[in-house]
Amino acid sequence: MASPAPSAPSRSAGPRIGVFVCHCGKNIATTVDVPRVVEALASHPGVVYAARHEYMCSDPGQDVIKKAIQEHRLTGVVVAACSPSMHETTFRTAAEEAGLNPYLLEIANIREWCSWVHDGPETTDKAIRITRAMVEKVKGNHPLEPVEVDHATQCLVVGGGISGIQAALDIANAGYEVLLVERSPSIGGRMAQLSETFPTLDCSQCILTPKMVEVSRHPRIRLLTYSEVESVTGYLGNYHVVIRKKPTYVDPDKCNLCGECAKVCPIRVPNEFDRGLSQRAAIYVPFPQAVPSSYTLDEESCLGLNPLRCSECAKVCEPKAIDYDMPEEMIEEDVGAIVVATGYDLYGKERMAEYGHGTVPDVIDGLEFERILSAGGPTKGEVRRPSDGKVPKEVVFIQCSGSRDPELHKSYCSKICCMYTAKHALLYRHNVHDGTAYVFYIDIRAGGKEYEEFVVRAMEDERILYLRGKVAKVFRDGDKVVVWGVDTLTGKRIEVAADLVVLAQAMVPSAGTEELARKLHIACGGEGFLKEAHPKLRPLEALTAGIFLAGAAHGPKDIPEAVAQGSGAAAKAIAILAAPTLTHSPEVAEVDEDLCSGCVVCVPQCPYSAITPGDVAHVNELLCEGCGTCVAACPSGAMRMKNQTDAQVKRMIQVALGAEPVEVGRA
Amino acid sequence: MPPRPRIAVYWTGGCGGCDVSFLELGPALLDVLAQIEIAFWPALVDTKRSDVEALAPRSIAATLVNGTLRTEENVEMVHLLREKSELVVAFGACAYQGGVPGLANLATRDEILRRMSGNGFRPSPPPGGEAEDAPPGLLPQAKSLADEITVDYVVPGCPPMPPLIGLLLGALLSGDLPAPGHVFAHDKALCEECPRTREERKLTKVVRPHELVPDPNVCLLDQGMICLGPVTRGGCGAACPKAGMPCTGCVGPTPNAGDPGLAMISALGSLARAGEEGPGAFAAEDRLLDALVDPLGTFYKYSLPAYVRTGKRSDR
């Protein structure tokens, strides 16, 4: 039969459906009688063409579909093959190339739903029923066009640690504007507090500060320190963010870092940057290389921002940089993508009942020891203990403090502690040549480039005593800190009267991570770390489109990983910023405005906050992911899913469960 | 002057409230009565079955039937009226979907008769009476009007509210008739007419109307009352919710709600948040229905025969 010249398929003339059944090599054909499926579907009402192929997804297989679409003027296509998550895009693209609207093609999943899970004679019957049901669905499908939208071309990066810095620099260097928001007065994050980095023993600040300076000088990075994200609305490509910038009461352009203000300030409070091991004035600069390089007046510690109470700092400030009337600023911007790199805190040592609840001054955490080791730290890099400033001769390092302890603390491994403890012990031995270092460990996890070698060096060359076992108790005895533990390799009870104990505390998400996640509508996992869209294949993305994760806010990781993830998140963000327009699947929910009573039942159901309440509900097509929760919840049937209406689903069920016997038992 | 349209109003198994509901039209009823001729309306004028039998087929312009179909006589009468009428209107919740008397379908006919005989009811003729003096036979199950005859229009409500009756009378008198099957009520749910605010949508407890004095401004559903507003057609002006009583669904389901009980259960399941304390709270979302007294009577108060299969198969 000679087909007429291809013309625009007319739907009014009745459906002309093509069915294409895939053998998938043996994956389908072993248990499903493919020719029988073709035969059964060929006689199904509305089907004008049915064919099969060894591999439908191959180029020749796709050509069979394309050719049939044109020759038989198909108005709809069903490909009976693997899951639509595998090849729906492949086949829809092929249909589009042949001139058929891609949303008139559907996949009948006869592999995962059928051939892989059955082997009896009913397998072919089920494949036929699944395929027939999809034919019925396609009959009710309408051609759809992807939703297109313009987008903002700047990016918000939340968190000015190394991961956020890297992301901001990569995005800015690609030519896009970046808004970098940091909560504290300076960027730099945890890395700025470290002394040296494992395994190369690079000076942490020496390798970090060039990047900080690059951020401060970059023409396309707008740095907002002492600032927090107030609110986020909108969607992929068009987020509207409000940033609250707290007043520093010091004009950074005028401040020349002379430091006279801090000298005259009558207030002394624990210095956060030194983890409380030193003190600072109410007006301070966190560390000499801070970016922006300016003093900050800490409103909470200050006597009152009032010349009547105290204005010593303003009196001595030669450049007149101090302004007690500096207002809080609310900065509103539209951004196309958001990178969240809010970093980590250490699990509080006050939670460690077994190690003295944080009340023993010479039991410190890893970051405190980093400050003690730092040349710019409270002891100028000399290892001296906090209680009396003495040089400790015996130091016990306890790994997995709070980690890998599901009964009492955190169940996960904090990943970096094995490495930094080895570094701590090694640096201690370099500092105190006659000192003894003990490390209690559960086991050593040194997976990383040159990590294992570094630990071996600490154990063998530096003669650090590694003891496999947990510490049961740490308590103060005179000026000693007694550590009771067990060496499980020898079975011996160990007691060390130490001068200093360093706890490798678990990493936890930084304070406020959950609150920020709520503002961004992204998820946190059970331990509070930000949750990725897929643990293997989408590790940089939050489930909310256009929001990316970087650094330790996503889970414990070391510097190279945090940097790599920062760059990765930047690449993801750039892909959005660089796109001419953004498109979104049109298979979304829509409201029948003639039926919607505005009862608002749907609004809280939407996991994507895509529904705006009103006299009638409104679905934002760009936010909707087509999950259908609202459709199921809508009491009056006013919400429907495009190309997945109740009528279609009912028809599919009727056909799938149809009473007529379909080949059962005849195979 | 064209002849006035002949109208019939008949009352099958109902409470009579539908007949009374015409009085709610007030003085407007007089205008209506002046424009029609009453062919048959046992509640209002002395007309007999024989009067109807004497009429020519389709000579009644419209018959408004209220009440559920409960007896064999009900069935005979509605077939007779169908034959004599141009249009038949299911008037009120009973005729539309079975109504409150339809809840009797939760019991079998024998159970009902046993219970009624305890109250002195005799299904047989009185002692010494003629066979025709016996009460008409009880159907195995209560039915809606459409289960027996073709129904052209529906005026829903228990009883129908004056604005809805007005819509029907307006259409009949003007001759501007909607398509068959039309329901004289709004297509949107009555939430549209309800002034109560609904902001934080969630259901943390289930309370019955006598257990709570509701906040006058907040959605009753948000306060734990099972209000069927979201699945029920508007047109009543949300009279019950305005008065602090949850909607019980008398106007019937919105056009796309499908089975309104299922739609409502689905919506409640979506809104349910377990774990609160206090009366009516439920321990887990899937225990919601345990907290709900009388689910069938809550979700199908006016529509059990239309949606819920009950009784023995032989009774249907």
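In which order do the five strands of the open sheet in chain A stand? The order is β20-β27-β21-β22-β23 (chain A), with parallel pairing. This is a predicted model: local features need pLDDT of at least 70, side-chain atom pairs count only at pLDDT 80 or more, and totals for chains, interfaces and linings use all residues. Residues are numbered from 1 along each chain as its sequence is written, while chains are lettered from A and ligands numbered from 1 in the order in which they are written.

**Stop 1: the open sheet**

Select 363-365 and 465-468 of chain A: β20 and β23. Both are edge strands with a single partner strand, so one side of each has no neighbour in the sheet. Strands are DSSP runs (E, at least two residues), and helices are too (H or I, at least four), numbered from the N terminus. Strands pair if DSSP finds at least two bridges between them.

Next, take β21 (394-401) and β27 (500-505) of chain A, parallel over five bridges. A:V396 faces A:V501 in β27(A).

**Stop 2: β1(A)**

Select residues 17-22 of chain A, strand β1: six of its six residues are buried (20 or more other C-beta atoms within 10 Å of a residue's own, C-beta atoms being placed from the backbone). A:I17, A:V19 and A:V21 point one way, and A:G18, A:F20 and A:C22 the other.

Technical notes:
Buried ≥ 20, exposed ≤ 12 C-beta atoms within 10 Å, placed from the backbone.
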